[in-house]
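Thanks, everyone. I will take a few local features in turn, so please keep the structure open while I talk.

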Amino acid sequence: MRFPIALIWALGGALGAPAHAAPAPASQPAPPASAPASQRAPASQPAAEAEPVPEEPIVAPGVAPREYITIIEGAPRSAASAQTIRDLDLQLRTRGSPNDMVRAAPGVVTAQHQGGGKADQYFLRGFDCDHGTDIALSVDGVPVNLPSHAHGQGYADLHFLIPELVERLQVYKGTYFAELGDFATAGALDFQTLRRVDRSFVSAGGGMLGSWRVLGVGSADGPRLHPYFAVEAGGLNGPFEHPERLGRVNLFGKVTYDLFERGVVGATVAAYGSQWSSSGQIPEREVAAGRLSRFGAIDPAEGGATARQAVTAFARFAPVPGDEITATIYLVRYRLALFSDFTFFLRDPVNGDMIEQDDARVFGGARLRWERRQTLLGGRVLLTSALGAEARADDIHLDLWDVTSQNGQFRQRLGRHAGQGNDDDVREQHLAVYAEERATIGEHLRLIAAVRGDYFLFDDDRLGADPATGAPRSSAQAQRFLASPKATAIIVPRAPTELYLNFGYGFHSNDARVAVAARDQPDRMVPRAIAGELGARTRLFERLDLAAAVWALYLQSELVFSGDEGTFEPQGATTRYGLDVEARWRILPWLYADADLALAHAEFVRDSGNGRAVALAPRLVYSAGLTARHPRGWKAALRVRGIGDRPAIEDGSLIAQGYTVLDAFVGYERRRWEVLVTVENLTSIGWREAQFGNASCVPRELQTDPRCAPASASRPGVPDVHFTPGNPVNAQVTLRLWL
């Protein structure tokens, strides 16, 4: 009887998530891998006919790398983007969740905390992007980031995405791309789903930590009509003393229709629902003293429930030779109730500090792009002109409650939390236009110039009375327009070596409630980012691909974690600089090696008295792997990934520990079936997946530590690193059958 609950959520059941809601169902996705070439969809069109993107796709299941990685004439390529063998990065990795695919992007780190139904935490280019503040995520061009979210600006939950349906992943880094707008400060990831599925299949798997997952994909592919439908269900308990009891259901359908030789229209429908419990972050001091297990909990009542339903329509066609028009329109309904406890008994020594963050919204929008290609000077110059427009509107209701699970209660509401986010109706509108000109001059020079204009309208209708004073609360509007110029030069001294220089303005918007309160401070409403990059790429001996880039970025206003509220607050300006290095080596026709290294330094421009370091900003990120795909059906991979130590708070007195994790994958594939085995954390090290630096109080400290004593007037609490432990060794087995 567990899954009907999650299914109701996925199909749109009201997500008021009462505070006394029952804990979620159990288990976890088991990680399958990609389908055989006979099942994978071919590329819908050659890259030159696909929607223009300023960076090559890194995956194209079932397509030879050199065939697909040809890019549109004049399109810029970032040195940190993927190389020719990058398709294997998805085909031969664990594919049990979108988290597994995000890790394929060079320099990107993800962390899961507070249960498997919450959005991942992302790290990229010296940014702790939180759940999406400084990294833009999209699926088929539809934005995933949610502005003015109850839990954090730009919250981007990808758990509605079924990994096996991803055809490719486009990776962007920096602020240099005209089609990228809000949240694309550090970069962006765009997942493209399969255009068609040639063969239906079913898969089932499970393993350690109480995980299981089933998936069915049905297809009725025809000459011009290409429909398919997928159903996914899974669950997880995890290694915790108080199981996560995660339950998840995903439904997805897509249909495309070929109108003529260079035209296609289509639509997608999707529904997702999830419920879970969580052990949350635990204080390092309690584990070090032996009073708490690594997999224990101070407040095991954390967790939540979420649901998402979406419809999308899209079209791409060429009205005349040389022209191309693409259009997408979407409508999404979203719900979340999230129960968090970051400080335990710091604010309330009797009932505890748990909060409930509720987000209920409907948002919709459209994207349109027109592109024209023409030659000049007898074909020596190729010009590509593009115009684009975007529109999005969010209608949001936000609530923030004080909750207790003490004295036999379970998520019992105590009243509205004092501060922002109480009974707010927020409306946010975003309009954007951009123009781009790309010129390919002979074989040795490509130039790109673009400008983007963005307009934001923030409307915060604060309902009811202030919980602290009882006074009526004011409502207000704010608006801002900003222009973002961008430029790129690519020099090809001798093919295949490329040198490139990028420059561009970008931004991330702040929460509408912050923007309204900061109407006279434009840098706090929509902070600007200015970035530049210098790099090179080459290919040696037709086997070795190398790329490197040095970059720098300035951001007007940083978002800093607030443990009391469980949100991020705008602070001062920051600067960042770093180095990205990437290598891909084809050792044998069936054996590949790859390695990525990302170094970054981040600091506040001004020292506010507690140091200039940016908390949790990654300084060192690395990954490497050895991948085999033998013609006789065997496939395997051995991968290492890690992140270095970094400051947990600005003054560096608390350190977030780094880790190095080894993962393995092996599979055997035949025409009608395949079996896959994945092992996460092969050496079973003790590592910390997510970490935060903040003050807290636990019950025993209320009597022994003066910083937590009830008689204390200020109760500053005990500063500490609070962490979510990473999984121990975790083996999964998956069997797939093609129908």
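Predicted model: local features only at pLDDT ≥ 70, side-chain atom pairs only at ≥ 80, totals over all residues.

Where is Ser557 in the chain? Ser557 belongs to the loop that links strand S24 (544–555) to strand S25 (559–562). Is Ser557 buried or exposed? Its relative accessibility is 1%, so Ser557 counts as buried, the cut-off for buried being under 20%. Setting aside neighbours within four places in sequence, Ser557 contacts His508, Asp523 and Pro527, and also Pro570, Gln571, Gly572 and Ala573.

Next, the surface. A nonpolar patch there consists of Leu225, Val255, Tyr257, Leu259, Phe260 and Phe317, and together these residues have about 470 Å² of accessible area. Which strand gives the most to this patch? That is strand S11, residues 246–260, with 4 residues. Phe260 lies in S11. Phe260 has 43% relative accessibility and therefore counts as partly exposed, since that class runs between 20% and 50%.

Last, some strand pairing. Strand S28 (residues 591–604) pairs with strand S29 (residues 620–629) in the antiparallel sense, over 9 bridges. In this pairing Leu597 is opposite Tyr622 of S29. S29 also pairs with strand S30 (residues 634–643), again antiparallel and over 9 bridges. Here Ala628 stands opposite Ala636 in S30. S29 and S30 form a hairpin with 4 residues between the strands, and in that hairpin Gly633 has a positive phi near 110°.

That is what I had; I can take questions now.

Definitions and conventions: Residues numbered from 1 in each chain as written. Heavy atoms only, no water. Patch = residues over 30% accessible without salt bridge, like charges linked within 9 Å, V, L, I, M, F, W, Y side chains within 5 Å. Areas by Shrake-Rupley, 256 points an atom, 1.4 Å probe, with all protein chains shown as cover. Salt bridge = Lys/Arg side-chain N within 4 Å of Asp/Glu carboxyl O. Helix = DSSP H or I, 4+ residues; strand = E, 2+ residues; numbered from the N terminus. Buried < 20%, exposed > 50% of the residue type's maximum accessible area, 1.4 Å probe, protein only. Contact = heavy atoms within 4.5 Å. Pairing = 2+ DSSP bridges.
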